[in-house]
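Please read them with the structure open beside the text.

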Amino acid sequence: MDELDIDAVAEAALDDPVLVEGLPGVGHVGKLAVDHLLEELDGESTLVRRVYSHEFPPQVSIEGGVSELTCVEIYAISPAEGRDLLLLTGDHQAQTNEGHYVLTSAFLDIAEEFGASEVFALGGVPTGELIDEYAVVGAVSDESMLGELEEAGVEFREDEPAGGIVGVSGLLLGLGERRGLEAACLMGETSGYLVDPKSARAVLEVLEDVLDIELDYETLDERADEMEGVIGKIQEMEQQQQMDVPTDDDLRYIG
């Protein structure tokens, strides 16, 4: 296998599609969001490209006892309503800085091959604490994109996220802008400690508005309920640990 291999699995005729990227990251927000899009639009999706690379971990996934070399997949979707989509998903990102550039360039090549002129990278922004209200923080490659996203509820904050956006999500903005593509990154607030379906839903609700698509959230809400149970148990353990911390009186030696 070459350092970068792209399998043309199928072709699809799309009308000015939007590339939507959701690879693993903070809270798995982006991956959860894109996987939910695929689940909801399953009957309308076509796997069009698989991207293999030495930059991915040296492993295979196993399903039903059958192996599949690690890769990123791109699906084409022409929904009954709303914009045509190219959905990019996978279980891994590149392991080196150079690899991020190589893979992101390949993803943009594929997007342009299908006629895309707009890109949405999805991810999470960590708060460091459990939250109840999930805001969506944004960044764009061009100032002209701010207005529409602000109307959809996206917050643009001074110097946030701190340190910028790393990985594919950041490079889709930077490299996309150099190609003349409009690119935006939508980041759902998340604690950063756990997989966060609620944050993924907040991001998807923005996409619904911007791309004129309609989604059902039943399965995502079920996952959120499961995570609430996990969070509840963690909080109980933390409270128990605090109760079990000995006081000064407990530590006093009596002989």
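This is a predicted model: local features need pLDDT of at least 70, side-chain atom pairs count only at pLDDT 80 or more; totals for chains, interfaces and linings use all residues.

1. Asp109 belongs to helix α2 (residues 97-113) and Arg179 to the loop between α4 (167-178) and β10 (182-190), so the pair ties together parts that are 70 residues apart in sequence. Asp109 counts as partly exposed at 42% relative accessibility, and Arg179, with a relative accessible area of 29%, is partly exposed as well.

2. For the overall setting, the chain has seven helices and 10 strands, and its C-alpha atoms fill a box of roughly 85 × 45 × 35 Å when taken along the principal axes. Of the 255 residues, 46% count as buried. A search of the whole structure for salt bridges returns 15 of them.

3. A second salt bridge worth checking sits within a helix. Arg201 and Glu205 are both in helix α5 (residues 197-211), where they are four residues apart, about one turn of the helix, and the closest N and O atoms of their salt bridge are 2.8 Å apart. Arg201 is partly exposed, with a relative accessible area of 26%, and Glu205 is likewise partly exposed, at 37% relative accessibility.

4. Which residues are linked with Arg157 in a network of salt bridges? The network consists of Glu155, Arg157, Glu160 and Glu189. Within this group, the side chains of Arg157 and Glu160 meet at 3.1 Å, N to O. Arg157 has a relative accessible area of 27% and is partly exposed, while Glu160 counts as partly exposed at 30% relative accessibility.

5. The backbone around Glu160 deserves a careful look. The peptide bond from Glu160 to Pro161 is cis, with omega near 5 degrees, and Pro161 is found in the loop between α3 and α4. Asp159, which is also placed in the loop between α3 and α4, has a phi near 60 degrees, a positive value in a residue other than glycine. At 65% relative accessibility, Asp159 counts as exposed. As background, most residues other than glycine have a negative phi, and most peptide bonds are trans.

6. A positive phi is also found at Asp212, where the value is about 60 degrees although the residue is not a glycine. Asp212 lies in the loop between α5 and α6 (218-244), and it counts as exposed, at 53% relative accessibility.

7. Which element contributes the largest share of the negative patch? The largest share, three residues, comes from helix α3 (residues 146-151). Glu150 lies in this helix and is partly exposed, with a relative accessible area of 45%.

8. The surface also carries a nonpolar patch, formed by Met1, Val60, Ile62 and Leu69, with about 380 Å² of accessible area together. Met1 is located in the segment before β1 (4-8).

9. Is strand β6 (residues 72-77) mostly covered or mostly open? Six of its six residues are buried, so the strand is mostly covered under the cut-off of 20% relative accessible area. In a regular strand the side chains alternate between the two faces of the sheet. Here Val72, Ile74 and Ala76 on one side are buried, as are Glu73, Tyr75 and Ile77 on the other.

10. The pairing of β6 is antiparallel with both of the strands considered here. Strand β3 (residues 45-53) is joined to β6 by six bridges, with Ile74 as the bridge partner of Arg49. Six bridges also connect β6 and strand β7 (residues 85-90), where Ala76 stands opposite Leu86. Leu85, found in strand β7, is buried, with a relative accessible area of 1%. Between Leu85 and Cys71 there are 20 Å in space, C-alpha to C-alpha, for a separation of 14 residues in sequence.

Note on methods. Residues are numbered from 1 along each chain as its sequence is written. Side-chain values use heavy atoms; hydrogens and water are left out. Helices (H or I, at least four residues) and strands (E, at least two) are DSSP runs, numbered from the N terminus. Buried means under 20% relative accessible area, exposed over 50%, partly exposed in between (1.4 Å probe, protein chains only). Two strands pair if DSSP finds at least two bridges between them. A salt bridge is a side-chain nitrogen of Lys or Arg within 4 Å of a carboxyl oxygen of Asp or Glu. Patches are made of residues with over 30% relative accessible area and no salt bridge: like charges are joined within 9 Å, nonpolar side chains (Val, Leu, Ile, Met, Phe, Trp, Tyr) within 5 Å. Accessible areas come from the Shrake-Rupley method with a 1.4 Å probe; for residues, only the protein chains shown count as cover.
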